[in-house]
Amino acid sequence: MIAGRVHTTPPRWGEFFLETLVRILGVSTIGFVALIFLFLLREGAPVFVEVPLSNLFGRAWYPTFDYFGTLPLILGSILVTLTAIVLALPLGVASAVFVREVAPGWAREVLKPLIEVLAGIPSVVLGFFGMTLVAPFIRETLGAPTGLTAFTGALILAYMALPTIISVAEDALDAVPKSYRDASLAMGATRWQTIWRVVVPAARSGIVTAVMLGMGRAIGETMAVMMVTGNAARMPLTLDSLFRPVRTMTATIAAEMGEVAQGSTHYHALFGLGIILFVLTFLINLAAATTMFRKRQRGGLR
Amino acid sequence: MQLHPDVRISVTGGGTGTGIAAMINGTVDIANASREMKPEEIAAARANGIEPVEFVVANDAIAVVVHPSNPVDHLTLQQISDIYTGKITRWSQVGGEDRPIVLLSRESNSGTYVYFLEHVIRLGEKDNQALFSPDTLLMPSSEGISAEVRQNPNAIGYDGLGYVTPDQKMIAVARSEAGPYVLPSVESVNDGSYPIARPLYMYTAGEPRGQVKAYLDWILSEGQTQVARLGFVPLLH
């Protein structure tokens with residue numbers, strides 16, 4: 001017994017050291033996120049005191065003249081993001097179904113890495129593409145006064161969210177047990193019926209997660225959106241708003257942060273926008289995490 | 001740089017607001033500006049122990065530009081103001097085709113934005129509280145404006161004369177309906193007939209000394225030929 005204890009003590013020290021190190025690293029990541037949020041709060045919270053709420057949630061954003069109405073910016077972000085998801089969801093799920101269920105093995109081997117390459121295109125390149133090719137096309141074909149519209153931004157964002165949606169949805173389809181497919185086919189269902197009535201519904205929660213993650217990607221995107229949406233802080237309430245310019249929260253922060261005097265109301269207002277954006281993305285991620293958690297609890301499919 | 005190989009100059013872009021913010025924070029020797037510093041900006045600089053000194057280094061006209069195919073070629077200041085505040089929304093209301101007007105502007109950190117607002121949209125009236133229409137597209141750069149004006153027959157934009165490329169059409173501007181309608185040029189700025197002209201400034205942190213002084217002296221003398229070459233209006237001597 002005594003001999004054993006002498007033997008095991010030295011390696012335990014090393015283990016203890018490593019364990020502590022890993023724990024510190026793990027906890028510090030959470031710590032950094034908390035610090036970033038605290039910084040955001042410290043810089044942005046004053047605006048909720050300095051500016052009356054009726055102004056802060058008003059309809060006019062003219063920061064140079066003390067109008068800090070964030071409503072057009074919030075609605076602008078939401079309009080562009082939701083449209084992007086509506087465009088990307090059917091395409092993304094259909095692509096995932098094709099890659100996982102329909103495509104022959106060799107095609108899958110080619111398509112999967114190609115889709116991942118798609119995710120690596122810098123957003124500024126997509127923005128430039130949108131500005132010079134997509135925008136004139138939209139103006140000419142849809143008859144909008146200008147091609148720099150919410151819809152143009154949504155198109156570019158949909159393209160950027162696609163790789164995320166496809167890979168996560170594909171993983172979800174992949175996790176559906178083979179026995180489900182076998183059972184369905186054995187019951188006499190066609191391949192199409194198996195896919196749409198059995199496999200996709202079984203992977204539903206994974207697909208919802210894919211959409212949430214794509215949405216988180218879309219709402220935080222800045223550069224491409226700034227280049228193609230026209231950045232007009234108008235209220236997107238009329239029916240034709242989709243084909244009119246909008247200004248998003250991210251584009252506003254990026255365009256205006258460079259010029260503000262530190263500590264001014266405008267500076268705090270931009271951080272205030274950051275807080276609103278943070279809360280929105282947090283809610284979206286929370287929703288994604290809850291759906292994931294719920295399906296794990298059910299003990300069924302991943 | 002060829003005359004003084006020992007001097008290194010680094011230039012950062014942005015807008016007037018960016019330069020003045022950097023001057024207040026004490027990170028630059030010289031800040032270029034297309035408007036005067038505001039009293040509160042000067043106060044902020046003084047609070048940081050920096051005394052900004054103003055130099056007028058050139059003059060500039062702000063050109064109002066449209067697509068080359070647009071038949072409209074002259075406007076009064078009042079008409080431009082009504083267009084940018086959203087009172088006039090179609091080109092047919094100012095003698096053009098039946099098309100919607102798309103308003104383009106620089107971002108609000110640009111000195112050009114503030115100057116245009118105060119002297120054109122508000123017509124220089126101190127108690128005028130008019131603002132850009134919320135439908136105005138704010139472009140992050142001069143290139144953004146020229147790209148959209150080049151390709152969109154509905155667009156109207158404004159920018160410094162030095163930034164106007166040949167594929168945009170400039171509008172002749174008059175102070176009142178009686179005219180005369182004048183195109184922006186070096187001559188029309190110098191004789192005061194073009195209504196939207198302004199000085200361009202350089203601010204130094206304290207009285208310029210050493211290399212900074214040599215640089216400013218050069219700009220105010222020989223450098224004026226470069227001012228003209230780049231499409232701005234040199235100072236009269």
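Predicted model: local features only at pLDDT ≥ 70, side-chain atom pairs only at ≥ 80, totals over all residues.
## The interface

The size of an interface is often given as the accessible area lost when the parts come together. Here the area buried between chain B and chain A is about 2100 Å². Carbon and sulfur atoms give 56% of that area. The residues of chain B that lose the most area to chain A are B:Leu131, B:Leu137 and B:Gln151, which together make up 21% of what the chain B side buries. Counted by residues, the contact takes 26 from chain A and 27 from chain B.

Nine residue pairs are in polar contact across the interface, both residues of each pair being at pLDDT 80 or more. Four elements of chain B each supply at least two residues of the side that touches chain A: helix H1 (16–24), helix H4 (111–121), strand S5 (137–139) and helix H5 (142–151). The residues on that side of chain B divide into 14 nonpolar, nine polar and four charged.

## Salt bridges between the chains

Two salt bridges are found across the interface of chain B and chain A. One of them joins A:Arg247 to B:Glu107, with the closest N and O atoms 3.2 Å apart. A:Arg247 lies in the loop between H11 and H12 of chain A, and B:Glu107 lies in the loop between strand S4 (102–106) and H4 of chain B, so the pair joins two chains.

A:Arg247 has a relative accessible area of 1% and is buried. B:Glu107 is also buried, with a value of 2%. A network of salt bridges links A:Arg247, A:Glu256 and B:Glu107.

## Helix H4 of chain B

Of the eleven residues of H4(B), nine are buried, so this helix is largely enclosed by the rest of the structure. The buried residues are B:Gly111, B:Thr112, B:Tyr113, B:Val114, B:Tyr115, B:Phe116, B:Leu117, B:Val120 and B:Ile121. Just after H4(B), B:Leu123 takes a positive phi of about 55°.

B:Tyr113 and B:Phe116 also belong to an aromatic cluster, together with B:Tyr84, B:Phe132 and B:Tyr158.

## The loop between H11 and H12 of chain A

A:Thr229 is found in the loop between helix H11 (223–228) and helix H12 (249–257) of chain A. A:Thr229 is buried, its relative accessible area being 0%. Leaving aside neighbours within four places in sequence, A:Thr229 is in contact with A:Leu148, A:Thr149, A:Gly153, A:Pro245 and A:Val246.

A:Asn231 is found in the loop between H11 and H12 as well. A:Asn231 is buried, with a relative accessible area of 1%. Most residues other than glycine have a negative phi. A:Asn231 is not a glycine, yet its phi is positive, at about 55°.

## Another positive phi in chain A

A:Asp66 is not a glycine either, and its phi is positive, near 65°. A:Asp66 has its place in the loop between strand S1 (61–62) and strand S2 (67–68) of chain A. With 51% relative accessibility, A:Asp66 counts as exposed, because the cut-off for exposed is over 50%.

## Aromatic pairs in chain A

Over all chains, the structure holds 17 aromatic pairs. One of them is the edge-to-face pair of A:Trp13 and A:Phe16, at 6.0 Å centre to centre and with 90° between the planes. These two residues are three apart in helix H1 (residues 2–44) of chain A, so about one helical turn separates them. Both A:Trp13 and A:Phe16 are exposed.

The rings of A:Trp192 and A:Trp196 also form an edge-to-face pair, with centres 5.6 Å apart and planes at 65°. A:Trp192 and A:Trp196 are four residues apart in helix H9 (residues 191–202) of chain A, which again separates them by about one helical turn. A:Trp192 counts as exposed at 59% relative accessibility, while A:Trp196 is partly exposed at 35%.

## Salt bridges within chain A

The count of salt bridges over all chains comes to 21. A:Arg23 forms one with A:Glu19, the closest N and O atoms being 3.8 Å apart. Both residues lie in helix H1 of chain A, four residues apart, about one turn of the helix. A:Arg23 is exposed, at 55%, and A:Glu19 is partly exposed, at 44%.

In another salt bridge, A:Glu140 pairs with A:Arg139 at 3.7 Å between the closest N and O atoms. A:Glu140 counts as exposed at 58% relative accessibility, whereas A:Arg139 counts as buried at 11%.

Key
Residues numbered from 1 in each chain as written. Chains lettered and ligands numbered in written order. Heavy atoms only, no water. Contact = heavy atoms within 4.5 Å. Buried area = accessible area lost by both parts, 1.4 Å probe. Salt bridge = Lys/Arg side-chain N within 4 Å of Asp/Glu carboxyl O. Polar contact = N/O pair within 3.5 Å; in protein donor to acceptor, adjacent residues only side chain to side chain. Nonpolar A, V, L, I, M, F, W, Y, C, P; charged D, E, K, R; others polar. Buried < 20%, exposed > 50% of the residue type's maximum accessible area, 1.4 Å probe, protein only. Phe/Tyr/Trp six-rings, centres within 6.5 Å; stacked < 30°, edge-to-face > 60°.
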